[in-house]
Amino acid sequence: MDNILNQIGIENYLFLSVLLFCIGVFGVLYRRNAIIVFMSIEIMLNAVNLLFVAFATYHQDAKGEVFVFFSMAVAAAEVAVGLALLVSVFRNIGSVDISNLKNLKG
């Protein structure tokens, strides 16, 4: 049975991961909506996770996949806390625009 990594090639996984990471960076830097920024951060995290799994498969070692499992658990907790903060900000300000967050200084 031929490994899928040998058929596709690790450089394609690397290219896809870099592309996803750049899309995430672009979303964080140029968007003002906090929900879009959180989604962009998740895209960047998933790009790194894809690279971990690709290299773990390439080196025939499961350590990268275990690290991805814990990374996804932390990401789920981050999303829960981030969305709770966004709901709280939306209730106080009425918007999730990042430029309006400067009004929260106390």
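Phe26 and Tyr30 both belong to helix α2 (residues 10-30), where they stand four residues apart, about one turn of the helix. Helices here are DSSP runs (H or I, at least four residues), and they are numbered from the N terminus. This is a predicted model, in which local features need pLDDT of at least 70 and side-chain atom pairs count only at pLDDT 80 or more, while totals for chains, interfaces and linings use all residues. Residues are numbered from 1 along each chain as its sequence is written, and side-chain values use heavy atoms, with hydrogens and water left out.

The structure holds three aromatic pairs. In one of these, the ring centres of Phe26 and Tyr30 are 4.9 Å apart and the ring planes stand at 45 degrees, so the pair is tilted. Rings of Phe, Tyr and Trp (its six-membered ring) count as a pair if their centres lie within 6.5 Å; planes under 30 degrees apart are stacked, those over 60 are edge-to-face, and the rest are tilted. Tyr30 counts as exposed because its relative accessibility is 57%. On this scale, buried means under 20% relative accessible area, exposed means over 50%, and partly exposed lies in between (1.4 Å probe, protein chains only).

## An aromatic pair between helices α3 and α4

Phe52 and Phe67 form an aromatic pair of the edge-to-face kind, with 4.9 Å from centre to centre and 70 degrees between the planes. This pair links distant parts of the chain, since Phe52 is in helix α3 and Phe67 is in helix α4, 15 residues apart. Phe52, at 33% relative accessibility, counts as partly exposed, and Phe67, at 49%, counts as partly exposed.

Leaving aside residues up to four places away in sequence, Phe52 touches Gly64, Phe67 and Val68; contact means heavy atoms within 4.5 Å. Phe52 and Val68 are 16 residues apart in sequence, and their C-alpha atoms are 6.9 Å apart in space.

## The packing of α3 and α4

Helix α3 (residues 34-58) packs with helix α4 (residues 63-93) at an angle of about 175 degrees, and their axes are 9 Å apart. That angle makes α3 roughly antiparallel to α4. Axes are lines fitted to C-alpha atoms, for helices over the stretch in contact, and angles run from 0 to 180 degrees between N-to-C directions. Angles under 35 degrees count as roughly parallel, over 145 as roughly antiparallel, 65 to 115 as roughly perpendicular, and the rest as oblique.

The residues of α3 in this contact include Phe38, Leu45, Asn49 and Phe52, while those of α4 include Phe67, Val68, Ser71 and Leu86. By class, the contact of α3 with α4 comprises 14 nonpolar, five polar and three charged residues. Here Ala, Val, Leu, Ile, Met, Phe, Trp, Tyr, Cys and Pro count as nonpolar, Asp, Glu, Lys and Arg as charged, and the others, Gly among them, as polar. Ser71, found in helix α4, counts as buried at 14% relative accessibility. Beyond residues up to four places away in sequence, Ser71 touches Leu45 and Asn49.

## The packing of α2 and α3

The axes of α2 and α3 come within 7 Å and cross at roughly 165 degrees, which makes α2 roughly antiparallel to α3. The crossing is left-handed, a term for a near helix turned anticlockwise from the far one by less than a right angle, with clockwise being right-handed. On the α2 side the contact includes Leu20, Gly24, Gly27 and Val28, and on the α3 side Ser40, Ile43, Met44 and Tyr58. The contact of α2 with α3 has 19 nonpolar, four polar and no charged residues.

Gly24, in helix α2, is buried at 0% relative accessibility. Apart from residues up to four places away in sequence, Gly24 touches Ser40, Ile43 and Met44. Ser40, in helix α3, is buried with a relative accessible area of 6%. With the same exclusion of residues up to four places away, Ser40 touches Gly24, Gly27 and Val28.

## The loop between α3 and α4

Gln60 is placed in the loop between α3 and α4. Its phi is near 55 degrees, a positive value in a residue other than glycine. Gln60 counts as exposed, at 65% relative accessibility.

Note on methods:
Helices (H or I, at least four residues) and strands (E, at least two) are DSSP runs, numbered from the N terminus.
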